[in-house]
Protein chains: 2
Amino acid sequence: MYQIEEKFPVTEGGVCAAGGFKASGVYAGIKAFMHTGNDGNESPLPGQKNDIALVLCDVLCNTAGVYTSNKVKGAPVWVTKDNLAKTGGKAQAVIVNSGNANTCNGDGEEKARAMCALVAEKAGIKTEEVIVASTGVIGQVLPLRPIEKAIGPLYEKLSYTGNLEAATAIMTTDTVKKEYAVTFTAGGKECHLGGMAKGSGMIEPNMATTLNFITTDCALSSEMLQKALSETVQVTYNCLCVDGDQSTNDMCMLMSSGLAGNEEISSEGEDFDTFREALFQVMANLTRMLAKDGEGATKLVTCVIGGAPDRKTAAVIAKSVIRSPLVKCAMYGADANCGRILCAMGYADTDCDVTKADVYYESAAGRILVCENGLGLSFDEDKAKEILSEKEVEIFADLHMGSASSVAWGCDMTYDYVKINGDYRS
Amino acid sequence: MYQIEEKFPVTEGGVCAAGGFKASGVYAGIKAFMHTGNDGNESPLPGQKNDIALVLCDVLCNTAGVYTSNKVKGAPVWVTKDNLAKTGGKAQAVIVNSGNANTCNGDGEEKARAMCALVAEKAGIKTEEVIVASTGVIGQVLPLRPIEKAIGPLYEKLSYTGNLEAATAIMTTDTVKKEYAVTFTAGGKECHLGGMAKGSGMIEPNMATTLNFITTDCALSSEMLQKALSETVQVTYNCLCVDGDQSTNDMCMLMSSGLAGNEEISSEGEDFDTFREALFQVMANLTRMLAKDGEGATKLVTCVIGGAPDRKTAAVIAKSVIRSPLVKCAMYGADANCGRILCAMGYADTDCDVTKADVYYESAAGRILVCENGLGLSFDEDKAKEILSEKEVEIFADLHMGSASSVAWGCDMTYDYVKINGDYRS
């Protein structure tokens with residue numbers, strides 16, 4: 001089975017793993033305010049999770065971003081892009097709320113700028129040095145009052161170990177927090193790179209991702225940060241699909257404090273390669289976590305396409321398989337229906353011939369060949385059922401067309417996905 | 001709400017409505033044979049539906065076809081295309097089985113040709129004058145023995161009123177038979193046009209469709225038949241989406257016996273326009289039936305995009321909305337979440353600006369505006385729930401960009417879709 005290589009030691013700290021980054025999260029009561037007009041800030045009921053997060057760096061950071069390609073973009077996406085354009089790719093803070101996407105609601109841009117201003121005033125930085133993101137329901141007005149009331153406690157609670165509070169605050173239908181961090185060496189200095197992610201449904205990143213905030217103390221120019229981020233998004237978040245719905249608010253930000261003390265990486269070379277590999281490890285692991293926690297999912301499904309003429313072709317086919325509702329339902333039912341796989345490979349948007357493929361199912365329970373040379377085989381159904389009943393399963397297809405490969409991450413489709421999204425707004 | 005115009009009188013008879021066409025359907029026991037080796041032909045258990053259909057015309061017919069664009073094509077698709085190439089677009093019979101798609105199984109082409117030969121021998125026609133189609137599980141060997149045993153009874157039962165038996169035989173997870181026919185006048189003669197369709201899951205036609213067989217007694221050249229079919233598929237079957245999975249076996253065939261006695265339509269003109277309008281009425285109604293009977297569906301969902309710069313743009317946006325799993329789940333839950341609609345409009349693969357759109361929900365229970373000028377509104381949630389709780393609902397968006405419009409047909413996504421496809425093969 002495909003494993004993400006653990007090239008670099010994993011460390012604690014998520015978005016605070018890198019030197020200079022503090023974070024916090026509190027309960028502002030945004031949803032409660034929307035439903036009742038009560039801002040709920042003073043007395044959160046038990047079980048009410050944080051809904052607003054702040055990340056603040058001790059210094060101004062070179063910053064790169066990748067954004068949704070949905071033509072309907074959330075106001076925070078526009079404001080963040082505009083801020084980074086004004087500062088020439090520098091930022092010092094991130095504010096994120098869940099519970100409301102601040103999208104398609106008329107005054108979204110004004111509200112997003114107000115959120116930046118609240119942070120800037122507290123932190124003594126410029127408004128345009130703040131990254132703003134929102135996630136939650138689309139098309140409803142974002143109430144500013146609970147955020148205004150929360151900004152004080154949020155700033156007070158900032159800490160170099162506040163990553164968990166922040167990672168909780170950005171969750172919507174997520175059932176687990178998503179954090180990952182590594183240490184590596186660049187320019188002879190120990191560096192840190194880590195981040196947090198949210199996302200569960202409405203996930204089909206394309207040139208973008210769900211909400212992801214990654215920080216490092218490794219010094220890189222804004223240009224090299226952007227290059228590393230853009231390239232790595234292609235082989236991580238863009239290879240993820242929960243349901244094929246691409247969010248309006250996708251955003252992946254990468255901030256560098258430079259506090260590791262290495263000489264700034266401003267061109268390609270050994271240090272840049274190391275950084276990019278570390279970034280891949282962090283982003284691929286966050287991607288995997290997002291897939292595994294897909295809305296209603298009972299299992300992680302990975303599709304690996306090997307023997308492809310090139311990586312992009314392999315990626316297009318892998319994602320077509322992972323995206324197929326029929327494949328997803330069959331994985332839920334542990335039904336080793338290879339016809340579903342071949343069908344989804346066949347309608348993938350690529351010119352590649354997929355009719356010579358061998359297809360295997362694999363998990364901790366073993367590996368089974370279900371299709372050879374494009375033809376379905378008779379196989380041990382009980383064994384196949386056992387393999388597909390594991391919590392992490394892999395669909396592997398060898399195209400016998402070349403030596404390139406790619407992986408895509410997804411999950412099964414379940415009754416709970418339907419249930420969650422039959423009444424998302426309540 | 002959008003209604004398909006009933007320009008021509010509806011008539012009975014489905015695929016047998018047109019002069020010269022007989023049909024039949026019997027139970028061959030294909031699935032039983034695959035599971036047990038018992039061909040089950042002699043004594044079908046109660047509730048076992050027909051699984052093989054035959055259509056035979058009294059004369060050789062000009063014939064047009066449109067096929068799946070999935071690169072993995074079922075053997076019957078290849079054989080039918082090859083047969084029509086050999087005859088220069090003529091056919092006299094159609095044989096169709098359900099229970100096995102005869103796809104990705106090694107000897108599919110041989111078996112498909114054998115099915116044609118069985119029909120040809122009985123009917124005294126050429127093998128290449130037979131259209132063959134199969135639907136069901138992919139990647140398993142099609143047993144020929146039950147088909148060989150069924151061909152006698154199938155031929156004996158052929159009748160000018162056998163359309164219902166045939167329409168039953170081509171069903172898989174369909175819960176209702178799909179037939180529609182009209183009468184119209186061309187060249188001063190009364191003509192008939194009707195057909196049958198199957199399809200429930202694995203539906204996202206693209207330059208093709210599910211299994212559809214349409215017959216007419218109106219005389220047209222093969223070229224004009226193909227032109228009418230190809231154009232009408234674009235605005236009917238290609239505007240249908242149940243789950244976004246495009247079948248390997250999609251096929252839509254249109255046969256003309258010419259027995260109405262009109263002068264053959266061999267160029268554009270009034271008669272061709274009339275024929276095309278009649279074909280639209282038949283195919284649009286079959287499309288609507290396919291959507292309404294989508295796997296696990298509890299309701300028909302229609303999306304109409306108006307005020308578009310051109311029809312194609314409207315169609316791309318309408319289909320993006322209809323395809324969205326999040327929209328489909330919201331429709332199941334009668335949740336008037338306009339954010340889901342705006343999001344799916346935004347990621348539609350078109351350059352059109354959709355941010356000025358007004359969005360309405362409509363059904364027999366009324367109509368409600370939920371989004372104006374791209375911005376979500378406050379609205380009467382109880383009224384919206386009532387509207388979306390009907391069995392047929394419409395999502396209407398006016399883009400305010402022009403005067404073109406298009407419609408797409410689909411359904412909601414339910415627990416039953418997951419259930420059906422969690423264990424499709426059993």
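Predicted model: local features only at pLDDT ≥ 70, side-chain atom pairs only at ≥ 80, totals over all residues.

Colleague: Which residues make the contact between helix 3 of chain A and helix 4 of chain A?

Modeller: Helix 3 of chain A brings A:M115, A:L118 and A:K122, while helix 4 of chain A brings A:I147, A:E148, A:I151 and A:Y155. By class that contact has five nonpolar residues, two charged and no polar ones.

Colleague: Why does the radius of gyration of chain A agree with a compact globule?

Modeller: Because a compact globule of 426 residues would come out near 22 Å, and chain A has 22 Å. Along the principal axes, its C-alpha atoms fill a box of roughly 65 × 55 × 35 Å. Of the 426 residues of chain A, 65% count as buried.

Colleague: Now over to chain B. Why is B:D271 called buried?

Modeller: The cut-off for buried is 20 or more other C-beta atoms within 10 Å. B:D271 has 25, so B:D271 is buried. B:D271 sits in helix 7 (residues 270-292) of chain B.

Colleague: What is B:D271 in contact with, leaving aside neighbours within four places in sequence?

Modeller: B:A186, B:G187 and B:I265. B:E392, on the other hand, is 121 residues from B:D271 in sequence and 34 Å away in space, C-alpha to C-alpha.

Definitions and conventions. Residues numbered from 1 in each chain as written. Chains lettered and ligands numbered in written order. Helix = DSSP H or I, 4+ residues; strand = E, 2+ residues; numbered from the N terminus. Buried ≥ 20, exposed ≤ 12 C-beta atoms within 10 Å, placed from the backbone. Contact = placed C-beta atoms within 7 Å. Nonpolar A, V, L, I, M, F, W, Y, C, P; charged D, E, K, R; others polar. Rg over C-alpha atoms; globule rule 2.2 N^0.38 Å.
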